Amino acid sequence: MKTYIVGNWKLNFNVGESSIYLHKLQKKIPICRNVEVVIAPSTIALQPLSLQIDRHKMKLAAQNAFYRDYGAFTGETSFTQLRGVVDYCIIGHSERRYIFDEDDKMIEKKVAAAVRNKITPILCIGETESERAFGETADVIRDQLLGGLRDVSEEDIDKVIIAYEPVWAISSTKAAKYASPYDVADAIKLIRSTIEELYDKKVAEELPVLFGGSVNPSNAGGYLTVPGVNGLLMGGSSLILSEFVDIIDIAKRVKS
Ligand code: PGA
């Protein structure tokens, strides 16, 4: 199975900066068949970068899109418009859930719209700090999976990627706030058993599941060796070219 290394640039880099970063990144990494490198720039940079990107080396992801294809939805970009521009879209990121109030219903529609438009959704799920403190982690993971995948048929589930991102571990600068490999292992097991219940054992084994939350070159190798982890989704480290390249190298070594 492929290993996914996904960089979510969030609201950083203008079009020029994005293009320069991509230029440098493409020079630094060779084509590698078993590691899929994906970058998620701001929406405004997607179109120009889609003309610049070497798709043999890496792919583009959108950070968000709207579920309706066209119409009176001021300010939105649709999956239909992104077709041919990106291969992936991050959906249900905790910043979308908690800053922009996206609920499971909205996320369900976005996942379905992505699949309909042949864009692979990277469905993010994960508990907040207080949900964790109240012992609700398992329920949250289950509910978010059930919600996000409600419209995904057995035929289409192999077009979906799940990213487990505990909200309390995102953007942390303190090692004490990093998720431990044990936390990650427990969550991954739960994700796969829920997928097995919803679909079947084969789907549960083959579905790519990524981890995200303050991933950096020092902890990436540890997360990648947790059984069932098929890749990493990162914010901060993907903004620093040397760190992102290091993490791609680590993935190649660990998973070879
Ligand atoms: P981080 O962000 O790597 O900066 O913690 C991860 C994410 O939000 O996807």
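**Ligand contacts and aromatic rings**

User: Which residue places a backbone N or O atom 2.6 Å from an oxygen atom of the ligand?

Analyst: This is a predicted model, where local features need pLDDT of at least 70, side-chain atom pairs count only at pLDDT 80 or more, and totals for chains, interfaces and linings use all residues. Residues are numbered from 1 along each chain as its sequence is written, and side-chain values use heavy atoms, with hydrogens and water left out. A polar contact here is a pair of N or O atoms within 3.5 Å. The backbone atom at 2.6 Å from the ligand oxygen belongs to Ser171.

User: How much of the ligand's area does the protein bury?

Analyst: Accessible areas come from the Shrake-Rupley method with a 1.4 Å probe. Alone, the ligand exposes 280 Å². The buried share of that is 96%.

User: How far is the polar side-chain atom of His93 from a ligand oxygen?

Analyst: Lys10 also reaches a ligand oxygen, with a side-chain N or O atom at 2.7 Å. For His93, the distance is 2.6 Å.

User: Is the Phe66 and Phe73 ring pair stacked or tilted?

Analyst: Rings pair if their centres lie within 6.5 Å; planes under 30 degrees apart are stacked, over 60 edge-to-face, the rest tilted. Here the centres are 5.1 Å apart. The planes stand at 50 degrees, so the pair is tilted.

User: Is Phe66 buried or exposed?

Analyst: Buried means under 20% relative accessible area, exposed over 50%, and partly exposed in between (1.4 Å probe, protein chains only). Phe73, at 29%, is partly exposed. Phe66 has 11%, so Phe66 is buried.

Terms used. A polar contact is a pair of N or O atoms within 3.5 Å; within protein, one must be able to donate a hydrogen and the other to accept it, and residues adjacent in sequence count only if both atoms are side-chain atoms. Rings of Phe, Tyr and Trp (its six-membered ring) pair if their centres lie within 6.5 Å; planes under 30 degrees apart count as stacked, over 60 as edge-to-face and the rest as tilted.
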